[in-house]
Amino acid sequence: MSTTERQPPGAPAATLDVDRSDARHRAWLNEAVRKVQADAARSADTHLLCFPLPETWGVDLYLKDESTHPTGSLKHRLARSLFLYGLCNGWIRPGKPVIEASSGSTAVSEAYFAQLIGVPFIAVMPRTTSPEKMRLIEFHGGRCHLVDDPRTVYEVSAALADESGGHYMDQFTYAERATDWRGNNNIAESVYEQLRMERHPVPAWVVATAGTGGTSATIARYVRYLQYDTRVCVADPENSCFFEGWTTGDERATSEGASRIEGIGRPRMEPSFVPGAIDRMMKVPDAAAVASVRALERLIGRKAGGSTGTGLWGALKIVAEMVAAGRTGSVVTLICDAGDRYLDKYYSDAWLAEQGLDIEPYTATIETLLATGEWRSR
């Protein structure tokens, strides 16, 4: 009996029953979830690389190379989790676009998964995003919607979703919810498994950077869940509010302008950033981040993005502190994405001059550390 039919006087009230299941939609959903999970099954784990330090220090530094994912960055893990989360919640539907606010790498990875399951994808991003990232988004079938003010990406994304009937993925809210921090081959579980046969298998520190905050939250929760004696440090770039919000306890902290280090740093305290899970924070100058990625290329032959440099600078500072204190152990940080996306930025002397960034003092700090074990910062 439909809910609109009139009941005879004195008859029992009708049971309200609305069935929204649809066999075709469920078949599409099942196939979409299968395709996303199959991507994970096809993917090997990412490498844990050794950074060259004198063995006599008793301190080992490792870099988890997330640039080897199919879409070239750490965000491949996040995008996979966000798509599974959105599909299983019934938010992503056939024929309707997925919209994301992104500074680049997340959008590249989400465009890949959108194309994989056959839905349109729109990336809302600052106009200053690297052209190579825009090219990669379009290569995977996505469309770029550029904004002049980076602070408006949230509102513009939500408006596009409303207008199109699509789904605003909102990585900045859902990154820490969509990822299974207890395990399920998350990045933390992978790191600890790969360190199992090293001389210091439980790292003293893991250094992450924060865009959404989801990676640092996943690592910190996993450490606490399994009761490891590891501390988590977040390195924050210039033009980002995370450091100030964390140190002052102000959840409404903001920062003017956009971060020059693509993929990390935010103008507001994002919902996925979990301050209480973080043990330490550093504010890293952008010039130090660039000096670090250039040193990384000289030492291990890998180009990486600026977010890697921000984390590496923080990790090297912690290594220096351990050496000075006579402590042994291991430190882990991340190669977040490959440097070929930023040849016109972090590897361009002209861009450095345009930005007024002098990397020489920071390069000297790194070289002095590696030669003497001493940290002499400017």
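**View 1. Buried residues of helix α2.** In α2, the buried residues are Lys75, His76, Arg77, Leu78, Ala79, Arg80, Ser81, Leu82, Phe83, Gly86 and Leu87. The model shown here is predicted. Eleven of the 14 residues of α2 are buried, so the helix is largely enclosed by the rest of the structure. Its buried residues pack against α1, β2 (59–65), β3, α3, α6 and α7 (187–194). The end C-alpha atoms of α2 are 20 Å apart, which agrees with the 20 Å that 14 residues should span at 1.5 Å a residue. Gly90 follows α2 and has a positive phi, near 80°.

**View 2. Helix α3 and its packing partners.** Helix α3 covers residues 105–117 and has 13 residues. From first C-alpha to last, α3 reaches 19 Å, close to the 18 Å expected at 1.5 Å a residue. This helix is mostly covered, with eleven of its 13 residues buried. Just after α3, Gly118 takes a positive phi of about 85°.

View 3. Phe83, Tyr112 and Phe113 form one aromatic cluster. Phe83 is a buried residue of α2.

**View 4. Nonpolar cores.** In soluble globular proteins, nonpolar side chains tend to be buried together. Here the largest nonpolar core has 44 residues. Phe51, Leu61, Ile318 and Val331 have the most contacts inside it. Another core, of 31 residues, lies apart from the largest one; among its members are Ala32, Val36, Leu82 and Ile92. Leu82 is also one of the buried residues of α2.

**View 5. Leu61 and Asp60.** Neighbours within four places in sequence are left aside for Leu61 and for Asp60. Leu61 is then in contact with Leu49, Cys50, Phe51, Leu53, Leu312, Ala315, Leu316, Val319 and Val331. Asp60 lies in strand β2. At 15% relative accessibility, Asp60 counts as buried, because the cut-off is 20%. The contacts of Asp60 are Leu53, Arg199, His200, Gly329, Ser330 and Val331.

**View 6. Two aromatic pairs.** The structure holds 15 aromatic pairs. In one of them, the ring centres of Tyr222 and Tyr228 are 6.4 Å apart and the planes meet at 35°, so the pair is tilted. Tyr222 is buried at 5% relative accessibility, whereas Tyr228 is partly exposed at 28%. Tyr346 and Trp351 form an edge-to-face pair, 5.4 Å centre to centre with 90° between the planes. Tyr346 is buried, with a relative accessible area of 0%. Trp351 is buried as well, with a relative accessible area of 10%.

**View 7. The chain as a whole.** The chain has 13 helices and ten strands. Along the principal axes, the C-alpha atoms fill a box of roughly 90 × 45 × 40 Å. Of the 378 residues, 55% count as buried. Among contacts with a separation of 6 or more, 74% join residues 24 or more positions apart. The accessible surface comes to about 16800 Å², with 49% belonging to carbon and sulfur atoms.

Terms used: Residues are numbered from 1 along each chain as its sequence is written. This is a predicted model: local features need pLDDT of at least 70, side-chain atom pairs count only at pLDDT 80 or more; totals for chains, interfaces and linings use all residues. Side-chain values use heavy atoms; hydrogens and water are left out. Helices (H or I, at least four residues) and strands (E, at least two) are DSSP runs, numbered from the N terminus. The expected span of a helix is 1.5 Å times one less than its number of residues. Buried means under 20% relative accessible area, exposed over 50%, partly exposed in between (1.4 Å probe, protein chains only). A nonpolar core is a set of buried Ala, Val, Leu, Ile, Met, Phe, Trp, Tyr and Cys residues joined through side-chain atoms within 4.5 Å. Contact means heavy atoms within 4.5 Å. Accessible areas come from the Shrake-Rupley method with a 1.4 Å probe; for residues, only the protein chains shown count as cover. Rings of Phe, Tyr and Trp (its six-membered ring) pair if their centres lie within 6.5 Å; planes under 30 degrees apart count as stacked, over 60 as edge-to-face and the rest as tilted.
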